[in-house]
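Biologist: I would like to learn how to read a structure of this kind, one feature at a time. Could you give the general idea before each case?

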Amino acid sequence: MRGLPCGFRSIGGIPAERIERARQSFFRVFTSHGYSVLLPSAVQLFGSCWERLSDEIRNRMISLGTPSGETGCLSPDITLASVSFLSAHYAPEERPLRICYGERVFRSPSAPDNTADTFQLGAELLGWDGEGADVELLTLLLRALDVLGVEESFVVIGDVTILSSLLAGLPEQTASALRNALARQSFPAFREIMERAPLPESLRSPLNELPSLRGGMEVLKKASRILPRGCSTEGVGKLAGALCSSGFEERVLIDLSLARELDYYSGPVFEVFCGKHGKPLGGGGRYDGLLSSFGMMGQAIGFSLNLDLILEPSGISPARSSTVMAWPGKLQPDKALSIAECITEFNRTIEMSWVKQRHRSIELARRRNYRWWTDLSEDHVYDLTDGSRREREEWLKEGWSG
Amino acid sequence: MINIALPTGRMLQECIGILDQLGLPCSGLAKPGRSLVITEKNCRYLLAKPMDVPAYVHYGAADMALAGSDVLMERNVPLVEIADTGAGRCRLVVAGPENVSSRFSHPWCRINGLRVATKYPNLTSSYFSCQGIGMEIIHLHGSVELAPLLGISDCILDIVQSGETLRANGLTVIEEVAQVSMRVVASRRYTHQGWEMISSIMNKLGPWKGRSYHAG
């Protein structure tokens, strides 16, 4: 019997430990700044997601029937679940609301990947007006990337209202075709549509130059020469400027043509990259419009990161989190467990091996890549890499880790 | 160092011409021998099967690539399409013998359930299903024209340049699916980190393919 449907995964062993440690590290960054952890349902109402998500994600939603007869889907996007939860559980006077999460999202696999579930880390900040909220979230995001050991990470900031302003006066069909070409990231298609479409001359130059408005802070100066008056880059400028002032100038880029795959963004948006992957690790942005669709007024910003991608280039050690394997020796289990408990109080983790023979326990520790092994009825700890031994008490007091 | 994935096989010669036009060092590519990674000055070329080229960019092994638009459509990997080089121009068509061709001119119900042989199963599936037509897809890796001759399929969906191979095997073009040409693609990350290089490529590829994209 096959255990799982195609595309779904059960994760155990070291990969599971790495995911859990990454989640905990991520939560520590955000909970220390007042964010609370959300555990959303894995199932959402199909209609609610369908109304608010882009075509690309709609086509990948995995539907199912709920026991109460409603049509549901495996959660394709946690921001929706978060906003839905917050709108239903908190009164306006309780804002601002800060939440973070580390959960699975489910979408039909999209080539060339073949998994239907991915782990997402994310955070949302609702109901705090002004650019402070945007700067706070992005600063914590960059700090979290450092804590997670993601190398050469950087954010690219844009603003979806710039493209919307440029396309505002165009026929819907042309505007939609141009928007789709940019969302698909096809410059030839974008230019071909521009060639054929009856565009006002005043729009040709700004639209033609839009994809090239990317780079460092100097892009904003270039944009001010090219974009018409209605297209404000103030939001992007303030956000990028604040991050640069906070010491992240090497990790902030601007792309004024940036379009996210989700339709619900309504202001500054951003994508996160690292040195190893060609595709973004994730992204986010301002979604005030989505908030109002849930009956909540005000400002909201959030992001999500693909944890599976993050862990690939991560510095988070794949080493076992249990640092020592312990054998009870001549001791009764209750006495052995009591000594094990004392060891854990020194911030060491311990795994018991209940086999009868000492050499079997050592073999097991070696098979499981333990460096340290101890017989709890003695006072020594053995280093399995060179066979040396040392006093357990001394070993516990050492600042050793790993 | 920029990593560029290139398709092996007959498209490699076209690629060398494009790289030369772009002013990139590529003399070592003319005779790569069995090497799959060739480094020249600040360029590292990764030689891959044409269908695998988009994956190398997607997974971050390559920053940029030259790939046929047929391959990009088939693999449907989210990459940034920088420019149409215009090289390797051909057509992606549905072709078949005369008796099948005539069925296409009738209402769609006459072609429902036809068997189509192709190297492009994903593209074929989406092309026909978008029109509400159910086809049985037979995935072959080459010499697709053989399939209708041997009765394995009713028609084919394949690329055609001059049409000589089709004619030699008693097949005619029934309908055109798309124009095909060699495209410059890049990873999302590289379009931010290497924009100067990309805009220079777009400018060198001429007015239609890379017009007025200036860095800085």
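Modeller: Let us begin with burial: a residue is called buried under 20% relative accessible area, exposed over 50%, and partly exposed in between, using a 1.4 Å probe and protein chains only. Helices (H or I, at least four residues) and strands (E, at least two) are DSSP runs, numbered from the N terminus. In helix 9 of chain A, residues 201-209, the buried residues are L203(A), P206(A), L207(A), N208(A) and E209(A). This is a predicted model, in which local features need pLDDT of at least 70 and side-chain atom pairs count only at pLDDT 80 or more, while totals for chains, interfaces and linings use all residues. Residues are numbered from 1 along each chain as its sequence is written, chains are lettered from A and ligands numbered from 1 in the order in which they are written, and side-chain values use heavy atoms, with hydrogens and water left out.

Biologist: Against which helices do the buried residues of helix 9 of chain A pack?

Modeller: Packing is read from contacts, and contact means heavy atoms within 4.5 Å. The buried residues of helix 9 of chain A pack against helix 6, helix 7, helix 8 (187-196) and helix 10 (218-226) of chain A. For the chain as a whole, 53% of the 402 residues of chain A count as buried, and chain A has 16 helices and 17 strands. Among its contacts between residues at least 6 apart in sequence, 66% join residues at least 24 apart.

Biologist: How should I read a loop, for example where P171(A) lies?

Modeller: A loop is named by the elements on either side, and P171(A) lies in the one between helix 6 (160-167) and helix 7 (172-183) of chain A. P171(A) counts as partly exposed because its relative accessibility is 45%. Its C-alpha atom is separated by 9.5 Å from that of L199(A), 28 residues apart along the chain.

Biologist: What can the backbone angles tell me about E152(A)?

Modeller: E152(A) has a phi near 55°, a positive value in a residue other than glycine, and it sits in the loop between helix 5 (131-147) and strand 7 (154-159) of chain A. E152(A) counts as exposed, at 58% relative accessibility. N347(A) also has a positive phi, of about 60°, although it is not a glycine, and N347(A) is exposed, with a relative accessible area of 74%. For another backbone feature, look at the peptide bond from R95(A) to P96(A), which is cis, with omega near 5°.

Biologist: Which residue forms a salt bridge with D117(A)?

Modeller: A salt bridge is a side-chain nitrogen of Lys or Arg within 4 Å of a carboxyl oxygen of Asp or Glu. D117(A) pairs in this way with R104(A), the closest N and O atoms being 2.4 Å apart. D117(A) lies in strand 6 (residues 117-126) and R104(A) in strand 5 of chain A, so the pair ties together parts that are 13 residues apart in sequence. D117(A) is buried, with a relative accessible area of 1%, whereas R104(A) is partly exposed, at 24%. Both belong to a network of salt bridges that links R9(A), R104(A), D117(A) and D308(A).

Biologist: How many residues does each chain give to the contact between chain B and chain A?

Modeller: The contact takes 30 residues from chain B and 31 residues from chain A. Buried area is the accessible area (1.4 Å probe) that two parts lose on being put together, summed over both. Here the two chains bury about 2,700 Å² between them, 52% of it on carbon and sulfur atoms. The count of salt bridges between them is one, in which the side chains of R188(B) and E271(A) meet at 2.4 Å, N to O.
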